[in-house]
Amino acid sequence: GAAAAPQVRGDRNTASGFGDVGVTVDLEHALADGTDGGRVWKRRTTVTVRDALPTSPTAMTRGIIASVAPTRLDGADVASLRALVAQDNAYSIRLPSNVFDPSSPKVVASVP
């Protein structure tokens, strides 16, 4: 299905080193192949990305800080993951290549 647009929220907390804007995107995973041979993607968790403030007023670089919401696989997902391993298929996750642009191509990582 179509991915939801990132949720942008203002969140000022300069004492912790975070910028004032964060973006939350879905991290999707594939536990099975569809009938057409393509991967079946579903939401696994969310990832929040924030701007990191420079370490000093004269610092030339900025960074980002990402945090992943903790989640557990449900019973059906555990069974699907076991079947994936038994069939020697890869487990894959994906995110937008640019979290600030929901129409950006997805980047995929897989493990055998």
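Asp 26 and Arg 43 form a salt bridge in which the closest N and O atoms are 3.0 Å apart, a salt bridge being a side-chain nitrogen of Lys or Arg within 4 Å of a carboxyl oxygen of Asp or Glu. Asp 26 is partly exposed, at a relative accessible area of 29%, where buried denotes under 20% relative accessible area, exposed over 50%, and partly exposed the range in between (1.4 Å probe, protein chains only). The model is predicted, and local features need pLDDT of at least 70, side-chain atom pairs count only at pLDDT 80 or more, and totals for chains, interfaces and linings use all residues. Residues are numbered from 1 along each chain as its sequence is written, and side-chain values use heavy atoms, with hydrogens and water left out.

In total, the structure holds 4 salt bridges. One of them joins the side chains of Lys 106 and Glu 28 at 3.8 Å, N to O, and this pair again links distant parts of the chain, with Lys 106 in strand S6 (residues 106–111) and Glu 28 in strand S2, 78 residues apart. Lys 106 is partly exposed at 31% relative accessibility, whereas Glu 28 is buried at 9%. Another salt bridge brings together the side chains of Asp 77 and Lys 42 at 2.8 Å, N to O. Because Asp 77 lies in helix H1 (residues 75–86) and Lys 42 in strand S3, this pair ties together parts that are 35 residues apart in sequence. Asp 77 counts as buried, with 9% relative accessibility, while Lys 42, at a relative accessible area of 38%, is partly exposed. Through salt bridges that share partners, Glu 28, Arg 94 and Lys 106 are joined into one network.

The largest nonpolar core has 6 residues, namely Val 23, Val 25, Leu 27, Val 47, Val 49 and Val 99; such a core is a set of buried Ala, Val, Leu, Ile, Met, Phe, Trp, Tyr and Cys residues joined through side-chain atoms within 4.5 Å. Strands S2 and S3 are the elements that give two or more residues to this core, and S2 gives the most, with 3 residues. Strand S3 also contains Thr 48, which is buried at 14% relative accessibility. The side chain of Thr 48 makes a polar contact with the side chain of Thr 24 at 3.1 Å, a polar contact being a pair of N or O atoms within 3.5 Å, of which, within protein, one must be able to donate a hydrogen and the other to accept it, and for which residues adjacent in sequence count only if both atoms are side-chain atoms.

For helix H1, the 12 residues should span 16 Å at 1.5 Å a residue, and the end C-alpha atoms are 17 Å apart, which agrees; the expected span is 1.5 Å times one less than the number of residues. At the start of H1, a side-chain oxygen of Asp 74 reaches to within 3.2 Å of the backbone nitrogen of Ala 76. H1 is followed by Asp 88, whose phi is positive, near 55°. Asp 88 is placed in the loop between H1 and strand S5 (91–96) and is exposed, with a relative accessible area of 71%.

Key: Helix = DSSP H or I, 4+ residues; strand = E, 2+ residues; numbered from the N terminus.
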